[in-house]
Amino acid sequence: MIELRSDTFTLPTPEMMAAIADAPLGDDVYGEDPTALRLERMAADMLNKPAACFMPSGTMANLASIMAHCPRGTKALVSGQSDIYIYEAGGASICGGVIYEPVPTQSDGSLALTDLARAIEEDTNDPQFARARLICLELPHNRCGGSVFSLSYLQQVRGFADKKRLAIHLDGARLFNAAIALGVEAAEIVRYANSVQFCLSKGLSAPIGSIVAGSESFVADVRRLRKMLGGGMRQAGIIAAAGIVALERMVSRLAEDHRRARWLAEGLSAIPGLKLETPGTMTNSVLFRVEDERYSWETFIAALHGKGVRISELGYGRLRAVTHAGITDEDIRKTLRVMTELLCGDPVGNKLAYAAKDHNEELR
Ligand SMILES: Cc1ncc(COP(=O)(O)O)c(C=O)c1O
C-alpha cells in the first residue's frame, strides 16, 4: 500500500528502535530522565530559545502554550483554518477559558495584518470586551496545502504584535519542512515568535512527541500545565530517544519529500480531471481536486485505495497526498500511473471506480 494520507504514518527507523532500547532512563516528572533532558536541551539550542519542554503531542503542546500565554477570559487570534481552531477539540476554550477569535486565512496560510487589526479593534479599555493576548500562526499551514509564508511577513506580524502588546505562538508542527522550503535555519523562523511547538512524530518519523520552546519562565509554565493536563511522563526517555535521532538524522532528508511532492503535483496537474489546488511555496503536501463526472471525491479515494494508493480529504472535497520517509520515487511513479489509468480510460480502473461510486451512493 502506498500511504499518502499523512506523514504521521511514518514509522520509527531502525536507528530509532536501537536508540530506544539503549536509552538511559529516569523519572521525568522528577526532572531526572537524562534522555528527555538531552532532547529538550538539543531542541532549545537548535531553535536558539532558552528552554524547551518535551510534550506527548502537538495538540497538548499548542494547548499548554495557549494557556500559558492567555489568562482565563482573554482572546487568542487564530487562523480560521488552523489545526488549533479546527482539529484540537476546542481545548484552550474548555480547559483554559480562552476565547478563540478566528481570523480569515490567506492562501499561503498567513493572516492579513488588516484582519488582525480588525479582530482587536474593539480591544480597548471598555470593560465590555475581552482583551486579546495572543496571535497563533501555523507554518507550514496544513489546510493551505502545507504552504509557507515569508520571513518578511513574520517580521511584520512581530512588529504589529509588539505595538499591540500581543505574544506570538507558532504552531510549527512541520517547522523543519518550512525551514527547508524557505532555505533558512529553523531558528531564523522562530526568532519572531515568543513560543513555538514542533512535532517529532510527523515527517521526522519519531513515533510520539512534540517540543515547546520559549523563554525559561514560559517553558516552566508549560511544564506545570503539561502535568495539569495529564501529560507528565515518567520514563519519557523511551520516546525522547527516538526524538533525538529524528533531530540528528531526519531533518535534512525532508528536502527529498519536497522534491517528490513537487513531482507528484506536476504529474497530477497534467492528468485530465485533476486540478491542483496547492498554492505558493510547497512543502510535502499536495492539495488537488477531482473534476471528472465519473467521480466524487469519495469514490476517487475509494478507487485509488482499491489500486493500492491511499490519500485523504482535507475539507471542502479537496484531496490531499503527503510525501514522507516511507514514500519512494517508485511510489510516486505508481501513484501517477494509477491516477492516469483511473481518469484516462483504462477499463479495469474505470470498472473499479464505478463500483466504488455505486457503493457510496448506496451508503447515502
Ligand atoms: C499543523 C498541526 N498542528 C498540530 C497538530 C497536532 O499534532 P498531534 O497530532 O501530535 O496532536 C497537527 C497534526 O496533524 C498539525 O498538522
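Select serine 285 to begin; this residue lies in strand 10 (residues 285-290). Helices (H or I, at least four residues) and strands (E, at least two) are DSSP runs, numbered from the N terminus. The model is predicted: local features need pLDDT of at least 70, side-chain atom pairs count only at pLDDT 80 or more, and totals for chains, interfaces and linings use all residues. Residues are numbered from 1 along each chain as its sequence is written, and side-chain values use heavy atoms, with hydrogens and water left out.

Is serine 285 buried or exposed? Serine 285 is buried, with a relative accessible area of 2%. Here buried means under 20% relative accessible area, exposed over 50% and partly exposed in between (1.4 Å probe, protein chains only). Next, display the contacts of serine 285, a contact being heavy atoms within 4.5 Å. Leaving aside neighbours within four places in sequence, serine 285 touches Gly145, Gly146, Ala261, Thr278, Arg320, Ala321 and Val322.

Now select helix 7, residues 151-164. At 1.5 Å a residue, its 14 residues should span 20 Å, and the end C-alpha atoms are 20 Å apart, which agrees; the expected span is 1.5 Å times one less than the number of residues. Colour Tyr153, Leu154, Val157, Arg158, Phe160 and Ala161, which are buried in helix 7. Seen down the axis, these buried residues fall within an arc of 165 degrees, so they line one face of helix 7. The arc is that of the directions from the helix axis to the C-beta atoms. Among the elements covering the buried residues are helix 6 (113-119), strand 5 (132-138), strand 6 (167-171) and helix 9 (186-190). Helix 7 is followed by arginine 165, whose phi is positive, near 55 degrees.

Rings of Phe, Tyr and Trp (its six-membered ring) pair if their centres lie within 6.5 Å; planes under 30 degrees apart count as stacked, over 60 as edge-to-face and the rest as tilted. By this rule the count comes to four aromatic pairs. Phenylalanine 149 and tyrosine 153 form one that is edge-to-face, at 4.9 Å centre to centre and 65 degrees between the planes. Phenylalanine 149 is buried at a relative accessible area of 1%, and tyrosine 153 is buried at 10%. Another edge-to-face pair joins tyrosine 295 and phenylalanine 300, with 5.3 Å centre to centre and 80 degrees between the planes.

Move on to helix 10, residues 216-228. Its buried residues are Phe218, Val219, Val222, Leu225 and Arg226. They cover an arc of only 115 degrees around the axis, which puts them on the same side of helix 10. Which residues are exposed on the other side of helix 10? Glu216, Ser217, Arg224 and Met228 are exposed there. The buried residues of helix 10 pack against helix 2 (34-47), strand 2 (51-55), helix 3 (58-69), strand 7 (195-199) and strand 8 (210-214). Helix 10 is followed by glycine 230, whose phi is positive, near 90 degrees.

Finally, select the whole protein chain, which has 15 helices and 13 strands. Along its principal axes, the C-alpha trace spans about 65 × 55 × 40 Å. Buried residues make up 57% of the 364 residues in the protein chain.
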